[in-house]
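Hello,

Here is the structure I said I would pass on. My notes on it follow below.

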Amino acid sequence: MTVDTGKETNAMNTSVPSSRRRKGTVAALVTAAVFALGCSVGGDVVGYDLPAESARYTFEAETNGVRTVWEYTSAKPTEGDSPELQPCMGDVLGNNEATCRPEPLIFLRYDLGLALDNTARAGRAHQITVVGYYQERLTAPPTVTTLRVEASFDGGQTWHPATTRTAGRNTFTAEIKHPDREQAAEGVGLRIAATDSGGNTVKQTLPTAYRLR
């Protein structure tokens, strides 16, 4: 399942967009199941016009309580960037009036290291893996440089930083210290923030990523 709506704001320029516009595309990957299982959903489900001038943008999406906020810089491309096998939606529909390319949004894929019942052991340290990635059509994606992981055991009232280490390109591990099961009756929530070499960021909150046993 994918979401085809979202809120986008221009954080630097709130004036009426210029008549010189271009198409942008976003592959929205914002369902709780997708994020928790680390599955991938392809295809363009959101298309929108952006001003030609370089500006900082915010794109927000929320599904089933999973909230994701992207911040990225975008400007008019000098040429289109859409392979023939994965054309922009405007190209398919025949109504694209300008160059088209994906936006440099950081998506997150998780390996939570859970048992078959989607739980982890209480009272011990637990390791998860987080991978940052981009839309396949982005031909020159940046590199994810930093990633911060926080865990909550009380429904998001308080957050505890996890020890995070680099484990390869765009890949990080985080060690979460689980309390006893009765101290995490609402399960384990995760809050992840990542930044890439282009200055783009993503912040994602999973209120209940998994439960303890």
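Asp111 stands opposite Thr129 in strand E9; strands (E, at least two residues) and helices (H or I, at least four) are DSSP runs, numbered from the N terminus. The model is predicted, so local features need pLDDT of at least 70 and side-chain atom pairs count only at pLDDT 80 or more, while totals for chains, interfaces and linings use all residues. Residues are numbered from 1 along each chain as its sequence is written, and side-chain values use heavy atoms, with hydrogens and water left out.

Strand E7 and strand E9 (residues 125-133) run antiparallel and are joined by 5 bridges; two strands pair if DSSP finds at least two bridges between them. Both belong to an open sheet of 4 strands, in the order E7-E9-E13-E12, with antiparallel pairing. Its edge strands are E7 (107-111) and E12 (163-166), each pairing on one side only.

Next, the hairpin. E4 is joined to strand E5 (residues 66-74) by 9 bridges, and the two run antiparallel. Phe59 has Trp70 in E5 as its bridge partner. There are 2 residues between the strands of this hairpin, and Asn64 takes a positive phi near 50 degrees. Because 7 of the 9 residues of E4 (residues 55-63) are buried, the strand is largely enclosed by the rest of the structure. Buried means under 20% relative accessible area, exposed over 50%, and partly exposed in between (1.4 Å probe, protein chains only).

Most residues other than glycine have a negative phi. Asn118 has a positive phi near 60 degrees and, at 47% relative accessibility, is partly exposed. Asn170 also has a positive phi near 60 degrees, but at 9% relative accessibility Asn170 is buried.

Regards
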